[in-house]
Amino acid sequence: AVVSTQSTGIPVLMIILRTLMSFVLVGLFLPTIVLHSAGPTAPSQEVDLGNPDNTAQLQYYINRDLLTTTLHSLTHSATALALLKCLLACTACFIHRRHLMIWNIFTPRMIIEMCFATCTSAVLVFVVMLIERTDRLLRGELAKIAKQQK
């Protein structure tokens with residue numbers, strides 16, 4: 001019997017990471033679109049686009065709820081899109097349930113879509129929580145600095 005010295009765990013892990021990494025990266029960087037956009041603003045505020053101080057980040061600082069609302073809206077939209085893809089994969093499985101290749105084509109696709117939706121949603125929730133916590137800590141530190149300067 002020939003014993004292989006190569007571990008089978010690392011290649012399997014690399015395949016899983018290669019398969020899921022694009023969805024992890026989308027989940028990580030999708031919320032940064034909100035932070036670097038030209039800026040949703042609060043409905044009650046006028047924005048002077050010629051003023052370089054009126055960036056999206058400043059609008060998020062002025063209106064406390066704007067960042068949270070925008071991030072949650074983005075998370076809900078991305079999750080809804082991922083769940084729609086899962087629904088369509090389930091529908092394809094249902095329609096082709098008598099097809100000869102159901103176990104080779106349609107079912108693995110449904111399982112992969114569900115794994116992708118779960119992975120993307122989990123990473124998005126983690127990143128949104130991280131951004132909200134960072135925002136809360138920065139606001140606290142800025143408030144302390146403002147009190148010390150008075």
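Glu113 is buried, with a relative accessible area of 4% (buried means under 20% relative accessible area, exposed over 50%, and partly exposed in between, with a 1.4 Å probe and protein chains only). In this predicted model, local features need pLDDT of at least 70, side-chain atom pairs count only at pLDDT 80 or more, and totals for chains, interfaces and linings use all residues. Residues are numbered from 1 along each chain as its sequence is written, and side-chain values use heavy atoms, with hydrogens and water left out. Glu113 takes part in salt bridges with Lys85 and with Arg109, and Glu113 is also among the residues that line the second largest pocket.

**Overall fold**

- The protein has 4 helices and 0 strands (helices, H or I of at least four residues, and strands, E of at least two, are DSSP runs numbered from the N terminus).
- Along the sequence, the pattern reads α-α-α-α.
- Of the 150 residues in the protein, 23% are buried.
- Among contacts between residues at least 6 apart in sequence, 64% join residues at least 24 apart (a contact means heavy atoms within 4.5 Å).

**Salt bridges**

- The structure holds 4 salt bridges (a salt bridge is a side-chain nitrogen of Lys or Arg within 4 Å of a carboxyl oxygen of Asp or Glu).
- One of them joins the side chains of Glu113 and Lys85, at 3.7 Å from N to O.
- Because Glu113 lies in helix α4 and Lys85 in helix α3, this pair ties together parts that are 28 residues apart in sequence.
- Lys85 is partly exposed, at 35% relative accessibility.
- Glu113 also forms a salt bridge with Arg109, where the closest N and O atoms are 2.6 Å apart.
- Glu113 and Arg109 are 4 residues apart in helix α4, so about one helical turn separates them.
- Arg109 counts as partly exposed, with a relative accessibility of 47%.
- A further salt bridge links Lys144 and Glu141, whose closest N and O atoms are 3.7 Å apart.
- Lys144 and Glu141 are separated by about one helical turn, because they stand 3 residues apart in helix α4.
- Both partners are partly exposed, Lys144 at 49% relative accessibility and Glu141 with a relative accessible area of 43%.
- Salt bridges with shared partners join Lys85, Arg109 and Glu113 into one network.

**The second largest pocket**

- The second largest pocket has a volume of about 150 Å³.
- On a 1 Å grid over the protein atoms alone, a pocket is an open set of points with protein on both sides within 12 Å along at least five of seven lines, whereas a cavity is a set of points where a 1.4 Å probe fits but cannot get out.
- Lining residues have an atom within 4 Å of a point.
- Grid points are joined across faces, edges and corners, and the volume is the space filled by probe spheres set on the points.
- The residues that line this pocket are Phe23, Val26, Leu30, Ala78, Leu81, Ala82, Lys85, Glu113, Phe116, Ala117, Thr120 and Leu124.
- Two or more lining residues come from each of α1 (9–35), α3 (64–95) and α4 (102–149).
- Helix α4 supplies the largest share of the lining, 5 residues.
- By class, the lining has 9 nonpolar, 1 polar and 2 charged residues (Ala, Val, Leu, Ile, Met, Phe, Trp, Tyr, Cys and Pro count as nonpolar, Asp, Glu, Lys and Arg as charged, and the others, Gly among them, as polar).

**The largest nonpolar core**

- The largest nonpolar core has 9 residues, namely Val34, Tyr60, Leu66, Leu67, Leu71, Val123, Val127, Val128 and Ile131 (such a core is a set of buried Ala, Val, Leu, Ile, Met, Phe, Trp, Tyr and Cys residues joined through side-chain atoms within 4.5 Å).
- The elements that give two or more residues to this core are α3 and α4.
- Helix α4 gives the most to this core, with 4 residues.

**Individual residues**

- Thr107 has its place in helix α4 and is buried, with a relative accessible area of 12%.
- Leaving aside residues up to four places away in sequence, Thr107 touches Cys93 and Ile102.
- Phe29 lies in helix α1 and counts as exposed, at 54% relative accessibility.
- Although 98 residues apart along the chain, Phe29 and Val127 have C-alpha atoms separated by 8.6 Å.
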